[in-house]
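Open the model in your viewer and keep the sequence panel beside it. The stops below go from helix pairs to the core.

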Amino acid sequence: MANTPQAKKRIRRNDRRAEINGVRVSRIRTFIKKVESALESGDKAAATAALAAAQPELQRGVAKGVLHKNTASRKFARLTKRLTALA
């Protein structure tokens with residue numbers, strides 16, 4: 001158990017940040033799912049628009065520290081590859 005005031009403050013801060021970061025990761029997953037569902041349906045226009053909306057979300061996740069930059073790059077590359085194969 002934390003004994004120092006600073007350790008108690010860090011526990012409070014970590015709880016708040018975990019909640020915020022969880023929301024961020026959930027939002028990113030939602031954008032990725034929109035792209036995947038558009039790819040599954042075969043709608044190239046919708047998939048392109050969804051991918052264009054998901055890319056800034058992935059980058060924002062990297063900037064905020066909830067995703068590693070290579071993870072975001074890999075996800076975007078795989079989605080882009082699937083989109084180009086849709087033609």
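Axes here are lines fitted to C-alpha atoms, for helices over the stretch in contact, and angles run from 0 to 180 degrees between N-to-C directions. The model is a predicted one.

Select helix 1 and helix 2 to begin. Their axes cross at roughly 160 degrees and come within 9 Å. Angles over 145 degrees count as roughly antiparallel, so helix 1 is roughly antiparallel to helix 2. The crossing of helix 1 past helix 2 is left-handed.

Next, show side chains at this contact. On helix 1, pick Arg24, Arg27, Ile28, Phe31, Ile32, Lys34, Val35, Ala38 and Leu39. Facing them on helix 2 is a set that includes Ala46, Ala50, Ala53, Glu57, Gly61 and Lys64. Coloured by class, the residues of this contact split into 13 nonpolar, 5 charged and 1 polar.

Move to helix 2 and helix 3. These pack with axes 10 Å apart at an angle of about 175 degrees, which means that helix 2 is roughly antiparallel to helix 3. Helix 2 contributes Lys44, Ala47, Thr48, Leu51, Gln55, Leu58 and Val62, while helix 3 contributes Lys69, Ala72, Lys75, Phe76, Leu79, Thr80 and Leu83. The contact comprises 8 nonpolar, 3 polar and 3 charged residues.

Now select the largest nonpolar core, which has 16 residues. Ile28, Val35, Leu39, Leu58 and Leu79 touch the most other members. Helix 1 (5-41), helix 2 (44-64) and helix 3 (69-85) each give two or more residues to this core, and helix 1 supplies the largest share, 6 residues.

Beyond its neighbours within four places in sequence, Ile28 contacts Glu57, Leu58, Gly61, Val66 and Leu67.

Technical notes
Residues are numbered from 1 along each chain as its sequence is written. This is a predicted model: local features need pLDDT of at least 70, side-chain atom pairs count only at pLDDT 80 or more; totals for chains, interfaces and linings use all residues. Side-chain values use heavy atoms; hydrogens and water are left out. A nonpolar core is a set of buried Ala, Val, Leu, Ile, Met, Phe, Trp, Tyr and Cys residues joined through side-chain atoms within 4.5 Å. Buried means under 20% relative accessible area, exposed over 50%, partly exposed in between (1.4 Å probe, protein chains only). Helices (H or I, at least four residues) and strands (E, at least two) are DSSP runs, numbered from the N terminus. Contact means heavy atoms within 4.5 Å. Angles under 35 degrees count as roughly parallel, over 145 as roughly antiparallel, 65 to 115 as roughly perpendicular and the rest as oblique. Ala, Val, Leu, Ile, Met, Phe, Trp, Tyr, Cys and Pro count as nonpolar, Asp, Glu, Lys and Arg as charged, and the others, Gly among them, as polar. A crossing is left-handed if the near helix is turned anticlockwise from the far one by less than a right angle, and right-handed if clockwise.
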